[in-house]
Amino acid sequence: MRPFIHVNCAMSADGKLAGEDRTQVRISSDEDKTRVKGMRKQFDSIMVGVGTVLADDPHLTLKDRGYDTNPIRIVIDPHGRTPQGAQVLNDRAPTVMITLETCDVIWNCDKIIRAGTDTIDLDRAMQELAEMGIENILVEGGGVTISHLFRNKMVDRYTVFVGGLIIGGKNAPTPCDGNGWVAENGIKLRIEDCQILGNGALLTFLPVYE
């Protein structure tokens, strides 16, 4: 058993999440930002990778909720690179850190899951999250985390807002980033919906794993 996993991200019309130096670029329209705020309220937890924490220092909280009603924040951080003063570790919501077994970093957070030796053991991590009562996860980045989830066939729904701009740069991050890998014939996605939101389009896909 594992939680339901919904990956949501925004990319430019040329498939980039940010600039080559990982500086944030506004991609989402106002309409898409409103959609994301509403969607966050429907999930038990919000997950990001350590790259997103280092680049953006997000709160991952809802402004109109307190500690007990905010989604649980989950950070995948294999080697313990999250700064002790990161916003994701503040007291506005519970936080779970997921690291490798060889990582001995300790944070002031609600739970630390040590899973895997060379790479994060996602099966084990997801099992522990399920045992905590987490039924669904909204994944908001980054590309490496999303890539690992797709590779392990764990993404149940994928929504991507395609904004009306070009960022460029061969080394700029993409929604499915990290070490190069190509599934045979790719990972098939079945489109479920397409919606215009301001100067961009929201695409909703359901992965079809073979």
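I started with Ile74, which is buried, with a relative accessible area of 0%. A reminder to myself before going on: this is a predicted model.

**Entry 1: where Ile74 sits.** I placed Ile74 in strand β3. Then I looked up what touches Ile74, leaving aside neighbours within four places in sequence. The contacts are Ser45, Ile46, Met47, Val48, Val96, Ile98, Leu129, Ile134 and Ile137. I also checked Val139: 65 residues separate Ile74 and Val139 in sequence, yet the two are 9.1 Å apart in space, C-alpha to C-alpha.

**Entry 2: the rest of β3.** How many residues of β3 are buried? I got 5 of its 5, so I noted the strand as mostly covered. Next I looked at which way the side chains go. Ile72, Ile74 and Ile76 point one way, Arg73 and Val75 point the other way, and all of them are buried.

**Entry 3: the cores.** Which residues have the most contacts inside the largest nonpolar core? They are Ile74, Ile98 and Leu129, in a core of 30 residues. I listed the elements that give two or more residues to this core: β1 (4–12), β3 (72–76), β4 (95–99), α3 (122–131), β6 (136–139), α4 (143–151) and β7 (157–163). There is also a second, separate core of 11 residues, and Leu60, Val75, Ala86 and Trp107 are among its members.

Entry 4: I traced an open sheet of 9 strands, with mixed pairing, in the order β5-β4-β3-β2-β6-β1-β7-β9-β8. On average, neighbouring strands are turned by 20° against each other, direction ignored.

I then followed β2 to its partners. β2 and β3 are parallel and pair over 5 bridges, with Gly49 opposite Ile76 of β3. β2 (residues 45–49) also runs parallel to β6, joined by 3 bridges. In that pairing, Ile46 has Leu138 of β6 as its bridge partner. Helix α3 packs on the sheet and touches β1, β2, β3, β4, β5 and β6; its direction makes about 150° with that of β5.

**Entry 5: helix α1.** I looked up the buried residues of α1 (residues 30–40) and found Asp32, Arg35, Val36, Met39 and Arg40. Seen down the axis of α1, they fall within an arc of 130°, so they line one face of the helix. The face turned away from that buried side carries Thr34 and Lys37, which are exposed. What do the buried residues of α1 pack against? My list reads β1, β2, β6, β7 and β9 (200–208).

**Entry 6: Asn70.** My last stop was the loop between α2 (50–56) and β3, where I found Asn70. Is Asn70 buried or exposed? Asn70 is buried, with a relative accessible area of 5%. The side chain of Asn70 reaches the backbone oxygen of Arg65 at 3.2 Å, and it reaches the backbone oxygen of Arg92 at 3.2 Å as well. Not counting residues up to four places away in sequence, Asn70 touches Thr61, Leu62, Arg65, Arg92, Ala93 and Pro94.

How values were computed
Residues are numbered from 1 along each chain as its sequence is written. This is a predicted model: local features need pLDDT of at least 70, side-chain atom pairs count only at pLDDT 80 or more; totals for chains, interfaces and linings use all residues. Side-chain values use heavy atoms; hydrogens and water are left out. A nonpolar core is a set of buried Ala, Val, Leu, Ile, Met, Phe, Trp, Tyr and Cys residues joined through side-chain atoms within 4.5 Å. Buried means under 20% relative accessible area, exposed over 50%, partly exposed in between (1.4 Å probe, protein chains only). Helices (H or I, at least four residues) and strands (E, at least two) are DSSP runs, numbered from the N terminus. Contact means heavy atoms within 4.5 Å. A polar contact is a pair of N or O atoms within 3.5 Å; within protein, one must be able to donate a hydrogen and the other to accept it, and residues adjacent in sequence count only if both atoms are side-chain atoms. Two strands pair if DSSP finds at least two bridges between them. Axes are lines fitted to C-alpha atoms, for helices over the stretch in contact, and angles run from 0 to 180 degrees between N-to-C directions. The arc is that of the directions from the helix axis to the C-beta atoms.
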